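The exercises below are meant to be worked with the sequence and the coordinates open side by side. Try each task before reading the solution that follows.

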Amino acid sequence: MPVNETLSQYSDWSYTTAVAVYVLAMVFFLVEQSFGRKGRQAAARTRERARELVGAGAPADTGTAPPPVEHTGQRPRRDRSERLGRMGVALTVLGVLLHAAALLLRGLATSRVPWGNMYEYIMIVCLITVVTWLVVARKFPVRHLSAFVLLPVVILMFVGGTMLYAVAAPVQPALQSYWLVIHVSAAAASSGVFLVPGVASLLYLVRERHDRDPAAFARFGPRLPAADVLDRIAYRTTVFAFPVFTFGVLCGAVWAEAAWGRFWGWDPKETVAFVAWVVYAAYLHSRATAGWRGRRAAIINIVGFSVTVFNLFFVNLVTTGLHSYAGVS
Amino acid sequence: MITREKQRQPYRATPARRALGFVRNTWRGLTSMRTALILLFLLALAAMPGALLPQRNLNAPKTAEYIAEYGWWGRLLDRLQFFDVYSSVWFSAIYLLLMVSLVGCLLPRSLDYVRSMRARPVLTPRNLARMPHYRRAELPGGADDVLATAKSRLRGWRTSERTEAEGTRTISAERGYLRETGNLVFHFGMLGLIVAFALGKMFSYEGQVIVHADGSQFCNSGIFAYDSFNPGLRVDGTGLNPFCVKVDSFEAEYTDVGQPVSYEADLGYQSGEDLESGTWRPYHLEVNEPLRTAGDRVYLLGHGFAPTFTVTFPDGSVRTQSVQWRPVDQQTLLSEGATKFDPPGVTDTAQRRERQLAITGLFAPTAALQGKVLTSVDPRLTNPAVAVDVLRGDLNSDRSQSIFEVDRSMVDSGRLERVARENLDVGETITLDDGTTVRFDGVRNWVSLQVSHDPTQGWVLGFAVAMLLGLAASLLIKRRRLWIRVAPAAESDGERHTVVEVGGLARTDQAGYGEEFTRIAGDLLSRDRKAR
Ligand code: HEM
C-alpha cells in the first residue's frame, strides 16, 4: 500500500503544533499553580472543594463527617489565576484535537492503524494520558496541577518527534494482524493512563512529606490538594488501567502464540511487562495491607510507572528481542 | 463450654505445643498479606535479570559470548543461574512460596466467602448519623409505606428487614457481592494458570526444520527429522504426534524499498487417517497463520535460498545438488553456505578423501558487484549470482559439522585446498585444473518451519480469561451498604409522619459511592415519592 506523503506531512505539522500548544497550556497552568497570592487562593479553593468531596465519599474512618453540603450553585469569584487555568484547559483541549488529528492523518497516510513504530506509539500513549487527565481534572479539583502531567507528555512527545521519528511506512509481516490493533491499543491505553497515577503518586509523596514536616516543601506543599485526594486519584486511575493492561498482556500472549509459536517466551518485552504487572498487583495489595497504605503504596505506584517507561525505551532501543518496531534506527 | 474451661487452665508449653505453635506461626506468616506483598516484590525483582542479561534458552551463542567477555563475573553469574533465570532455583523458590501463600490465603477466604454469601446483611448501626453518608427527613405517611417504597427502590440489593427493640424498623441492604467473587475467581484463576503453565513446560516441545519449497516433505516422526529440537523435561522424543507436511511453493512480497510485506507458502499436510490413505490436504501457510494439526502447530519462521550446482567430473559423471544456504543479512538476504560433493565411483576411503569438493561462498538474490566483491541489494530474486571458492581435498565429513560451513581446520592444515575462486551468474561454469566443471544452474527457495507442541496452552488461556474477568469484577464493582431506619414522628397536625434516616458505607475505599447514595437517598426521601 503506497504512503500518502501529503497526509503524512500534515500529520507531522499537526503533531508539532500540538506539542507547542501543550507547552503554552503548561505555562498557563504553572502561572495558575504558582503565582503568588492568587495561586494560594486557587489552592485554598481546591482544598475547600476537596473537603466537600471527602464529605461526599469518604471511607468510614473519617468518622465525624459533616452532613453533606448542598451545592449553593454559586460560582466562586473568578480571579485572574482562575481565568488562566480555564484558558489552560481550553488550550489543552485544542492540543488534544491537534494531537488526535496527527494520529488520524498518520493512519490515513499509511492505510493502517497508526501505532506501528515507537514514534507513533508514543504519540498515542501521550494522547491517552492527556485525555485521561482532562477526565480526572473534571472529577477532582486538580486542574492547577495540569502542568505536572503535561510536562512528561511534552518531554515524551519531543523525544518521540525528534530522536525516534520514523517516516510513514507499512509495517513488517509479523505486525500485520488484527492483534496489532487490539494488543497495542490496550498496551498504549494502559500505559497512557498509568502516567497519571504516576504523577499523582509523586505529588502525593511531596504533600505527605509536607504534612509530616511543614518545613519541607514549605512553599510548594500547601498548594497541592490534600494527600487523600491525590491518593484517590492514583487509585482510581490505576484500577482502571490495570485490567486494561492485563487484557493487553493476554492479547499479546494470544498473538505471540500465532506469530512466534509460543504464547510466552520471556522475551525482554514480555518479561518487563510481567514485572510491571506484578508491581501494580503489589500496589493494589499494598492498599489492603496495614502499614503499607499511603506513602509506600505511592512509591510502589511510581516504581510501576518507571518500569513501564523502562519497557518503552530501554527494552525497545537497547535489548534485542522479537518485539521489533519497524523504523527505529 | 469445654473450650472455656480449657482456657482457664494454665498454659503449659510442651515441646509438641511449641512445635505446633511454630508451624502455625510460620503458616500464618507465610499466608499474611504482607508476606504476599514482599513475595510479589521479590518475584518482580527476580524476573528482571532475564530482560537485562542474555538468556541461554533464547540465545545460547550470545550467552556464551557474554560469559566469555565478562570473565570471572560472567562465570559467577552463570554459576548463580543468571542466564537461566526462569528455571533457576531462586526464581522457582519465590514462585513456589508465592503459590503456598496464595493457597493459604485462598482457603480461609473461600470459607469466609461461602459464609458471607449465606449471611443476611448486617444489623443497622445504632447511630446512622455517624456513617460517612447520611440523610434524614420527615415524610408524610406511615412506616409501612416508607418501607415498601424502599424495598422496591432497592431491587438488586440484598435486603433484610428487622424490627428493633424500641419498635423502630430498619432495612439493611448490601450490594456488590460480585466483587469478592471476582477476587476469588481471579486468584484461583492465577493458581490454575501457574500450574497449567508449569505442566506445559514439562510436556511441550519445539523443533525447527528447513524444508525446500519444491514439494519436499517433512514428517514429525522423531527428533532426527529436525535440525534443532527443544524438548520439555518430560519429552524424550518418542511418541511425537504423527503428521507430515509437504512444501509446494513459497512466495515473498516486498515493497519497492525491499521491506517485506508478506511471506506465504503453499503446503500439503496429512495427519490421522490421511496418513494411511495418503491424502494431502492443502494449507496456505502465512506469518500469523500457523497450521494446526494433530495437536501441534506448524509455523513459517523464515526463508532463504538454495543455489543449485551441477558438477561434471572428468569421468563424465554428473552430480546436481541444491543445499540451503543461510541468510547473513536479513535485509538483502545475502546468503552463505557450503555445497559438498563426493567424487562418484570412488570406493577407497583414502582416495575419496583427497578428491571431495566443496563450493562455498556467498549467494546474492539481486547481485551487485563492488569491485570484485559480491553484495546483494535486494531480497528479491531478480539477478541471482554467487561468489564461490571451490575447495578440493578432505572435508572431514565423518565428523558432524554444520551444513553451512566446511571444517576450517582442514583448510588450515592444508588438507582442503582452494582450487578456484569465481563470481558466477546463472548458467556460468568454472572449469577446474583436472577438467571437472562446476555450473551454477539456478536457485530454489527454502522455508524454515517450526513445529510447536504444548498440550496445556488451552488451559492457560482459559485460566487467563477467568483471571481477567475476575479482575475486572473485583476492581470495578463496589461493595456497599445502605441502611434505612424509620420511626414514627410526633404527631403534630393529626397526620401521620415518619422520620426516615438513610446511612451508607462503601466497604472498599473507592470513591464514587457518594453519587449513588445521593441518588438513592434522594429517591427515598423525596416527598412526592415518585420512586414508587
Ligand atoms: C501470586 C501473586 C498475586 C497476584 C499477582 C495478586 C494480584 C492481586 C490483584 C491484582 C488484586 C486486586 C484485586 C482487588 O483489589 O480486588 C488482588 C487483591 C487481593 N489479593 Fe492478591 N495476588 C496475589 C497473591 C495473593 C496472596 C498470596 C494473597 C494472600 C495473602 C492475596 C490476597 C489478596 C487480597 C486479600 C486482595 C483484596 C484486596 C482488596 O480488596 O483491595 N493475593 N490480588
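**Exercise 1. The ligand site**

How far does a polar side-chain atom of B:N183 lie from an oxygen atom of the ligand?

Solution. The model is a predicted one, and in it the distance from a polar side-chain atom of B:N183 to an oxygen atom of the ligand is 3.0 Å. Widening the view, one counts 24 residues around the ligand, of which A:H285, B:C105, B:N183, B:H187 and B:S474 come nearest. Because residues from chains A and B surround the ligand, the site is shared between chains. By residue class, the shell divides into 15 nonpolar, 7 polar and 2 charged residues.

**Exercise 2. The interface of chain B and chain A**

Solution. Begin with the residue counts: chain A gives 63 residues to the contact and chain B gives 58. The area buried between the two chains is about 5000 Å², and carbon and sulfur atoms account for 68% of this area. Turn next to the polar terms, where the rule finds 2 salt bridges across the interface and the count of residue pairs in polar contact, both at pLDDT 80 or more, is 8. A salt bridge joins B:R297 to A:E257, with the closest N and O atoms 2.9 Å apart. On the side of chain B that touches chain A, the elements that each supply at least two residues are α3 (33-47), α4 (49-52), β1 (133-140), α8 (178-203), β8 (260-271), β11 (296-312), β21 (437-453) and α12 (457-476). The largest share of that side, 10 residues, is supplied by α12(B). Sorted by class, the residues on the side of chain B that touches chain A are 35 nonpolar, 12 polar and 11 charged.

**Exercise 3. Salt bridges within the chains**

How many salt bridges does the structure hold over all chains? Examine the pairs B:D112 with B:R115, B:R169 with B:E161, and B:R352 with B:D342.

Solution. Over all chains the structure holds 41 salt bridges. In the pair formed by B:D112 and B:R115, the N to O distance is 3.2 Å; both residues belong to helix α6 (residues 89-118) of chain B, where they are 3 residues apart, about one turn of the helix.

For B:R169 and B:E161, the closest N and O atoms are 3.0 Å apart; B:R169 is partly exposed at 24% relative accessible area, and B:E161 is partly exposed at 31%.

The side chains of B:R352 and B:D342 meet at 3.9 Å, N to O, which should be read against the 4 Å cut-off for a salt bridge. This pair links distant parts of the chain, with B:R352 in helix α10 (residues 349-355) of chain B and B:D342, 10 residues apart from it, in the loop between β14 (335-341) and α10. B:R352 counts as partly exposed at 22% relative accessibility, as does B:D342 at 37%.

In chain A, a network of salt bridges links A:D12, A:R106, A:R112 and A:E120.

**Exercise 4. A serine in chain A**

Is A:S14 buried or exposed, and which residues does A:S14 touch, not counting residues up to four places away in sequence?

Solution. First locate A:S14, which is found in helix α1 (residues 5-34) of chain A. Its relative accessible area is 8%, so A:S14 is buried. With the sequence neighbours up to four places away left out, A:S14 touches A:L98, A:A101 and A:A102. Finally, the side chain of A:S14 reaches the backbone oxygen of A:L98 at 2.8 Å.

Key. Residues are numbered from 1 along each chain as its sequence is written. Chains are lettered from A and ligands numbered from 1 in the order in which they are written. This is a predicted model: local features need pLDDT of at least 70, side-chain atom pairs count only at pLDDT 80 or more; totals for chains, interfaces and linings use all residues. Side-chain values use heavy atoms; hydrogens and water are left out. Contact means heavy atoms within 4.5 Å. Buried area is the accessible area (1.4 Å probe) that two parts lose on being put together, summed over both. A polar contact is a pair of N or O atoms within 3.5 Å; within protein, one must be able to donate a hydrogen and the other to accept it, and residues adjacent in sequence count only if both atoms are side-chain atoms. Helices (H or I, at least four residues) and strands (E, at least two) are DSSP runs, numbered from the N terminus. Ala, Val, Leu, Ile, Met, Phe, Trp, Tyr, Cys and Pro count as nonpolar, Asp, Glu, Lys and Arg as charged, and the others, Gly among them, as polar. Buried means under 20% relative accessible area, exposed over 50%, partly exposed in between (1.4 Å probe, protein chains only). A residue is near a molecule or strand if one of its heavy atoms lies within 4 Å of it.
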